[in-house]
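Me: I would like a close look at a single part of this protein, with the terms spelled out as you go.

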Amino acid sequence: MDISPDPENPFLGAKEGSQLKRRRPQTKQQLPHRSRGAMSQSREALAMDGSGTSFGKKNGIVLSHCAAFLLASVFVLSLLATGLLVYHFAPCPGGDSPSLADAASRDGGYPAEGQDGDRRSPHAGSKDGKAGKRLDVRLPRSVLPHRYDLRLIPIGLDTSVVGSNFTFTGEVRIMVNVTEATRNVTLHVGDEMKVDEAHSTIDRTVAAVSGGKRRKRVSINRHELDPSRNFLVIHLEEDLKAGEQYELYLKFSGVLNDLLQGFYRSSYIENNETRWIATTQFQPTDARRAFPCFDEPALKARFKISIARPRGMSAISNMPRIPGESKPVPELPGWVWEHFEESVPMSTYLVAFVVCDFESRRNGSFAVWARRQAIDQANYSLKVGPAILKHFENYFGVDYPLPKVDMIALPDFAAGAMENWGLITYREIALLYQQGVSTNSNKQRVATVVSHELAHQWFGNLVTPSWWTDLWLNEGFASYVEYLGVEAVEPSWKITEQFVVDELQNVFSLDALESSHPISIEVGHPDEINEIFDRISYGKGASLIRMMDHFLTTEVFKKGLTNYLKSRAYQSATQNDLWEALTAQAHKDGVLEASVTVKEIMDTWTLQMGFPILKVKRDYEKGSAKLTQERFLLRKREKGKAISKTASHEDEETEEKYDNYLWWIPITFTSQDIMNFNTTRPSHWMKKERSIILESGLPAAYHWVIFNIQETGFYRVNYDPTNWKMLTAQLESDKFTEISPINRAQLLDDALNLARASLLDYGTALGVTRYLSQETEYLPWKAAFSALGYLDSMLIRTGGFEKFKSYMLSLMENIYKHTGFTDSIRDEQLTVYKRVSVLGWACSLGHNDCVQNSIQQFSAWQRSPNPDKNNSISPNLKNVIYCTAIRHGGQEEWDFAWARYLSTNVGTEKDLLLAALGCSRETWILSRYLEWSVTENSGIRKQDAARVFAAVSSNVIGQPLAFNFLREKWDKIKEYIGSSLFTINNIVRSSTKRMNTEFELADLKKFSMDHRRELGTATRAVDQAIEKTEANVEWMKTHYNTIIEWLSHNSLNS
């Protein structure tokens, strides 16, 4: 799944929050509490009625005062009697008594709470989202799915039918294999789904006397629900026999919701008429919202799907439609059935189906679907999609397993995209590109998201993580090879060079927090699972995969991947399975010593949070260097203070364990003598040791050395003062280009972040930036803008900001002239990106030429006779010009942009305008904008609510407004969006950035305490926001005066 960050904010030069994926079900605190059911394992009772099973509320009863008194008396006497019996019959300590787990195992493996340490969720049973009583959320393995035959009818799509509501009905036949004798079947059923108990059956296929097969019915005793786990337990009158196959039949109904999760509805307007579609989003745990199923990634099965649709609409699913005439739906005039071929074995979260009236464009077995008015924007994705797919077939050495690929652009979609096997779903802006309207960045995003989702067709779909603990393998791998796919079809973009500044350096800031998490982490409850769909799983995962690619060599890496995919095809796997395949190939080709395994190396990177800083201290007389490693943190915790915890961090890490974090570090370096920036295979290893001595390969005493060539290793580097001085001198000379652009970017990013963490003095770090006055390459400037963006955000509300502003404008004088304000279609991709970043910063800092150019071009657009069709502003400069004009304008400019937002048919243009509308300096406009973002029918889609908060928060005036709105309108936001959604996660992140005062920190902590029970997946985001704000407060106390003093005494001419 793609969780692409919002388009970069050009005014800070750093990517902010991510537009994350999907909406989540109610948290356990919201589920209705009921009386204890018959099953001893369930902590919450189960609502039942005579004909159906659902998660709905039950009607109450009324008792007279007399009856109530009698019942109360009986209850008290019962308690006394029970106490006496327990006292008399209770076993002595250490005695043998049957446990709940024992009872559960006798009842067919239904899991007891808290029995399996590897499967328990810390969220359940907790009062504050922290670890409390544990709840086993995993299904038993006594019954496993083999094949689903699913039939669904989505109601409410046909606007000609008056009074129809948005629901769906369905039936499913699940062929199951019984692995051990059991008297119940446990599977998942989502919120608001109702199972018709009267029609439930389970049959065993047995041999008939006359030959052939006959079915033997197994009697059902009762149905039971466990809402906290979304479990439906079907109790039987007799055991299911191990080794036999049974067919479970269930009839059900549910709500076609508007929460962008499960089976949901979406709409768009065409010719002033609302058109409805039904679509799906199941990852990670929402297939259960569409049909009863075994909703875990390892429980793969084949799927045969049939969908009813109104005539005039289309139905699409993972597999091709079975040819032939569509048969009518008897109970629904004007509706027909579409039947699809049976799928290969796959996980429930990859199942998908859409009913819509879209049009499609085809390229062989490849098709792109979109609204009729937007289908012309599909040409680019239809061009690059098949080419990238072919590249991956060659790269993986495995053919694409399905007969077709459909990609569809949805008007409402919470994620960037979703890799459903054979039917990939996208936001419109992630799939559609309009030449002359969309930007180069939009085009690259389409290519990278398409590449990301196609990579998943192998890594994630063909071989699937056994459990969400290894989500990082799925998403980290796709996030790395997406760059390789785009490089194959658009080599002029140099996208693999962009990886360092867009992914690796971007994720460093999050992984440098104590509240980070290992990329391989035990999770259980859906809230926990959703928490790890973050930059750690994606960006850090991708960076570690890239590091392996380099230290194993690409040839060994690819061979190992091919062996892994072929050996685990249509199965699930863990990270250890991949390590074994790569180790075998590395040993075969002699890349690793026989005593070293990939697991030994990579466990230090995947099972520990954070990353190391490599300290290089040279002995210039001996020609050696001492390398020392320790964990890099933006803010060191006080001695003896416990590491910050988040909701899903189970183990209480001791200070001793923290202080002993060590990694296997691949060591690469070059020097002024050699200037080799191409060899990325390590010459040395730090084998999980605190320090080593390098005695050879280093340059002469008067020459510099650079470690971590091309920044292929996931670590920062600090040098002794002498080496820093030599590096700074090289950068300030006219030979600075002898250092590769990636390593120039590395030096800037490392120096400024080392200073931020108080590991390098700011005089040295800011001294490195002085050379930028002669830098003209994109990558170093992008790294500098990202790192200097932190200083901008800390200083912008202080009296010293004028000095920082003056320094930055003088630093940018040459690059501003070099890039200019004119965009040309002949410019290379990195030239375009450089111009956008430079102009964004210049206009934000009030550069007169930049501001006036923006205002003039926006005003000319306003005066054009038909602004919806005639816009002379270059697409690549729109985000700079729109934002600058709105910032320096008033209500007239804002209203004009809002009107264009409502009228445009191009999703990427809507996204640009949505961001620019947050640039206003009018507080009432920004407050109204926030209100509209969580209001039905305001014109802002629910999927874009977090985008509005990010836009407003990127504005120094708007960020406090956004946080106040979040705090004061929490209930409204939660009700509108849902309580456990990634949208909330993003809103929290964006609304809390730039906080750096004790007052703001106190407000943030109070917000956390007030809403701790309701944060759900945002729990970690709030914890990280608190830690960042604490670090910012400390940074202001420690570094503010030092930086202002340096800026006061330094100029580019001194």
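Which residues does Glu453 touch, not counting residues up to four places away in sequence?

Reply: This is a predicted model, in which local features need pLDDT of at least 70 and side-chain atom pairs count only at pLDDT 80 or more, while totals for chains, interfaces and linings use all residues. Residues are numbered from 1 along each chain as its sequence is written, and side-chain values use heavy atoms, with hydrogens and water left out.

Leaving aside residues up to four places away in sequence, Glu453 touches Met1, Asp2, Ala417, Met418, Glu419, Ile424 and Tyr426, where contact means heavy atoms within 4.5 Å. Glu453 itself belongs to helix H5, residues 440-456; helices (H or I, at least four residues) are DSSP runs, numbered from the N terminus. With a relative accessibility of 0%, Glu453 counts as buried, a word that here stands for under 20% relative accessible area (1.4 Å probe, protein chains only).

Two of these neighbours also place a backbone nitrogen by the side chain of Glu453: that of Asp2 lies 2.9 Å from a polar atom of this side chain, and that of Glu419 lies 3.1 Å from a polar atom of the side chain. A polar contact is a pair of N or O atoms within 3.5 Å; within protein, one must be able to donate a hydrogen and the other to accept it, and residues adjacent in sequence count only if both atoms are side-chain atoms.

As for annotation, UniProt lists Glu453 under "active site" in an unreviewed entry; UniProt positions are given in the numbering used here, feature names are shortened, and annotations may be inferred rather than shown by experiment.

Definitions and conventions. Helices (H or I, at least four residues) and strands (E, at least two) are DSSP runs, numbered from the N terminus. Buried means under 20% relative accessible area, exposed over 50%, partly exposed in between (1.4 Å probe, protein chains only).
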